[in-house]
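Visitor: Please take one part of this model and go through it closely. Give the cut-offs as you use them.

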Amino acid sequence: MRENEEDARIEVERVVKKRFASRISKRRVEEKFRKGRASRLAIIVKVKDDGSKKRRLMVDLKLSGRNALAYVAE
């Protein structure tokens with residue numbers, strides 16, 4: 001996200017505008033989701049042949065160490 005700050009800002013604004021996400025304060029998050037944990041975000045930016053950009057946001061659970069917290073019964 002830090003390497004492509006402008007693209008990240010554009011994509012985050014897009015998902016907020018479409019109501020797939022919302023902006024709330026860190027304090028509100030801590031109050032509402034006491035057992036929750038923050039995860040890292042990543043962005044992939046691909047420049048197409050016509051010069052336009054394809055942006056894709058990802059929640060990086062592996063890098064955040066959250067995959068280790070998941071339990072799947074066999």
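Guide: I24, V29 and F33 make a nonpolar surface patch of about 250 Å². Patches are made of residues with over 30% relative accessible area and no salt bridge, joining like charges within 9 Å and nonpolar side chains (Val, Leu, Ile, Met, Phe, Trp, Tyr) within 5 Å; a salt bridge is a side-chain nitrogen of Lys or Arg within 4 Å of a carboxyl oxygen of Asp or Glu. Areas come from the Shrake-Rupley method with a 1.4 Å probe, and for residues only the protein chains shown count as cover.

The model is predicted: local features need pLDDT of at least 70 and side-chain atom pairs pLDDT 80 or more, while totals for chains, interfaces and linings use all residues. Residues are numbered from 1 along each chain as its sequence is written, and side-chain values use heavy atoms, without hydrogens and water.

V29 lies in helix α2 (residues 26–32); helices (H or I, at least four residues) and strands (E, at least two) are DSSP runs numbered from the N terminus. V29 counts as partly exposed because its relative accessibility is 33%, where buried is under 20%, exposed over 50%, and partly exposed in between.

In the loop between α1 and α2 sits R19. Its phi is positive, near 65°, in a residue other than glycine. At 74% relative accessibility, R19 is exposed.

In α1, the buried residues are D7, A8, E11 and V15. Seen down the axis, they fall within an arc of 100°, so they line one face of the helix; the arc is taken from the directions from the helix axis to the C-beta atoms. These buried residues pack against β1 (40–47) and β2 (53–60), with contact meaning heavy atoms within 4.5 Å. E5 and K17, on the other side of α1, are exposed.

Key: Buried means under 20% relative accessible area, exposed over 50%, partly exposed in between (1.4 Å probe, protein chains only).
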